[in-house]
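Hi,

Here is the structure I promised to pass on. Have a look at it first, and then read my notes below.

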Amino acid sequence: MSVPLVSDAPPFPAPAGVRPNVLAMPSSTVARFVLLIGALLSSGLFVGTWVHNRTAAGDVWLARVIECERLRPTVPLKASAEEILAAQQSVLRCSEGAQQKLAWFALGGVALTLVAAGVLLAIVPMIIVRRRALRPLGPQLAAASERVAALAAEDGLRRAPDTMVGSSKLRDAFSFGLPGRYAVALPPAVAVRSTGAAFDPLVRHELAHVARRDVLIAWSARALWYVLVTLLALPVIVGLARADVSILPSYAWRAALFLGAAILASAGILRSREYDADLDSAQTSPRREALGTLLSTSGRGATTGWRRLVALHPDPSERVTMLENPGLLARPSAVDAAIAGFLASVTLPLLASVFATVPSLTVWVYAVPAVLVGPLMGATVGLALWRLAVVEMATGTARLPAAARRVAAGIFAGFLVGQPASLAAVGSDTITGTRSPLLPLVGALALGGTTFVVAGLGRIAADRSKHLSARGYTTTAIFLSSTLFAFVLWAATMLTSTLDLGGWALTTLTVVTLLTQPVAVAVVAALAVAVLVLLAVRPDDAPPTWVIEGDPPASMAPDGRSRGLLDATAVALAAGIAAALCILAFRLVAGPATTFEQQTQRFDAYVWVFAGAGLAAGLSLIGLYGLRGAGAGLTAVALASGTAALGFVLINVAFGGNLTLEFVGAILGRGLPFGLLLFALASLLASLPFPDARGRRPLWLLVVVAALLGGMAATGAIAARDTISPLQQTTTEKLSAHDYVSSYAPTVVASLSSLHQAAAAIDTAVQLSPSERARRIRAELVAPLNVR
Amino acid sequence: MSSYPEILTQPDEDALVRELAQQVLETTAPEELAIFDVTAEEYFADPQGVLDAKNRDEAVGFGVELALITPYILAVAKPVIQLLATMVGDAVQKEGQPSVNGFIRRLLGRREPGSPAPDPLTHDQLALVRKVALERGQLIGLKEDRAELLADAIAGGISVAPTT
């Protein structure tokens, strides 16, 4: 392929005087805000469930579940897996109505939270007017009112906000109100000086808040928080009133931590919006000078210590620095990332609990929460990193690797802490909510690694941003990041839950069945194709014009250093072919599988081989190209995995197997999802100081490294086949490869779905005693696995 | 320091404080005169609350505090009026002046047409007035340079107050 896939250009030294337009792309704060709102609302699910359990409805539910258990069909000692699962299905069907009622209560908690917050939001403006003694400007201050209207028109607002003046105690201007009825409250010291130096920059700043919908963001987050403080205090108050404090040890700290994190998140978002409002309101030199002077002479001291974390405004000196050097605004912080990870982590299990509650909905228990939270993670983390990547094209800096490390560490820490801190874990026997305290690491590590992949994709896209509009670049950032995060969340939470409830046996089954579902394969394939298309665009050293304020200097024309060098396809092919050759070698040495169990074991192991080939290709790219390698690895994983699978198909045909389209289609993508999950985990290696695509690598080196890693991965998977898929009792029944994908695998998938259904049901039944829970795990999970 | 409450009632004192403050505002921040009455009412209702208004760090606010100078002038004017009342109290009784209130008003340049001009304060008395104003300004948190300016404006208003 002649088109260079990965640019190796070092950062282009930006000429002096270039000012990046960081507002060309939407700020990730909107997504962070939605994530915060989502997290706050999801805790309404807990409140609803708690109300259910504390009322007669909870007693009815418990009685029904016990009755359904009592009616569970008797299963003979040597019953088949199907018989055990049928018995379990019977119990689930029996309790469906009661479980649905429980789910409605949980959703009712969300509705109650939403309505209460809406009412509060609606009356907040009246409360503000009264408490701050705000009044219309009146004829004496008509000049101020007219000036505000003129500035609003100048800044393109369709409707000028109402202008009010506060009492002598009001010293800072602020905005409030509801969409369509916004108002700006001016301190009297400003209102009387409509021609003063402070008036225009201050009012423009407030108008920028109004135009950017910051008012709604700020006050709705605050309203929701107030409502939730009240609602989440209910279990404590009721518990104390009834002298039943059994829930407090596992509840109080989680609720407090969650509300504390919400405060930090809200404050962090608002501080970011202040920077944005400053830049938005001061887009010309004179305006920047006026605002900078006003901020510099404010005399406000620096905020220190913990107050800095909860302050709604950055220090004036920081704002002046940001005005002068807006590129700094594009740098994402570890704290913001940690809070985003925390909020995502506490929200996921709460959402999952709704779907786990109702037996007929458990099939969505991992998918829907991931689809809801993943895009928010993508638009938060992805957009921030992609914005930095393209801004660096203009500033000539190279802070993306450090930023990716910072963000990944934040996401990892936040997600790790968030899992045990989720209100969904209230009532569980352990602090982490899982049987092994190490299990929360799976999701945290996967998301941390995904951050590097997303950052790498941002670097690759920034290399090609000259060919994209700001909107196109933003859309691509959100689409790729969101899909990737959603996929990783889905896979990681499913495997974590599987490991927790079913151990290694259920996990290996899940890897070769549920994780290979067509939808998952299609998602990974779509991601790979999208990245391949992106890679196929020729990179350009020059930044896009939209990321520079004003006209780009002539010296920023391409200088021809964008050589481009890596063909991700070569790496993928090398790893995939090496893996396929290992399968061939194994087949030649070990001979044909003679029993159904052997065939099953080999198929299972080959899924790991396919995934391993993908992992090998991705790792090769990371090792040789750093962040860009992590981004390009997404495509390489799919190509390598598909190549290995295709090799297996050819080998199978060569040894007399049937070649059908259905078989090929089913095999080709089988290793993609698991391969991508492994790659996401392995992408943590991109945190090491690998060169970030500086200097061309010889093609032979790429191929050799990829082939070596691919061969090692495949050999390892084949050698570990007894661990991956232990051989069961030998039967005389034999299956062809075609039978495997057309009848055996779907059957296992169906059985496994039932197992997951049972696992989810046990997981959400927090009212069960530990011994009762253990009994159900033995009966509904371990028993079917053992007889398989 | 006594404010001679028996000869200067609280309403009289407040009125004099307002007059002195307005006089200072005319030269230092005339734009604030547009809302002087409202500001003064708020100040007299809760002087400490107005002077020590807490930084609320308003959501979607500007983030920088901009305060009226009027409450500070009122705060500084109050001890100045009280000092003037102390200074002129004896003279009023000795010279049979109608009231301390009228005497101070004339010192501030608010002399009724036809009434005799008051004896100007001595240089030492003016220096004391300036010192009290400066100390009060510093006490309520004004920066040194602003406190100096305000003290000068107040002392200057008394010594060179034009007749009306």
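Chain B and chain A bury about 3100 Å² between them, and 56% of that is on carbon and sulfur atoms (buried area is the accessible area, taken with a 1.4 Å probe, that two parts lose on being put together, summed over both). On the chain B side, B:Val60, B:Phe62 and B:Leu66 lose the most area to chain A, together 27% of what that side buries. In terms of contacts (heavy atoms within 4.5 Å), 30 residues of chain B touch 43 residues of chain A.

Before you go on: this is a predicted model, where local features need pLDDT of at least 70 and side-chain atom pairs count only at pLDDT 80 or more, while totals for chains, interfaces and linings use all residues. Residues are numbered from 1 along each chain as its sequence is written, chains are lettered from A and ligands numbered from 1 in the order in which they are written, and side-chain values use heavy atoms, with hydrogens and water left out.

How many salt bridges cross the interface of chain B and chain A? The rule (a side-chain nitrogen of Lys or Arg within 4 Å of a carboxyl oxygen of Asp or Glu) finds 5 there. A:Arg193 and B:Glu32 also meet in a salt bridge through their side chains, at 2.6 Å from N to O. By class, the side of chain B that touches chain A has 16 nonpolar, 4 polar and 10 charged residues (Ala, Val, Leu, Ile, Met, Phe, Trp, Tyr, Cys and Pro count as nonpolar, Asp, Glu, Lys and Arg as charged, and the others, Gly among them, as polar).

Over all chains the count comes to 31 salt bridges. One of them joins the side chains of A:Arg54 and A:Asp244 (3.3 Å, N to O). These two residues sit 190 residues apart, A:Arg54 in helix H1 (residues 29-54) of chain A and A:Asp244 in the loop between helix H7 (214-241) and helix H8 (248-281); helices are DSSP runs of H or I with at least four residues, numbered from the N terminus.

Cheers
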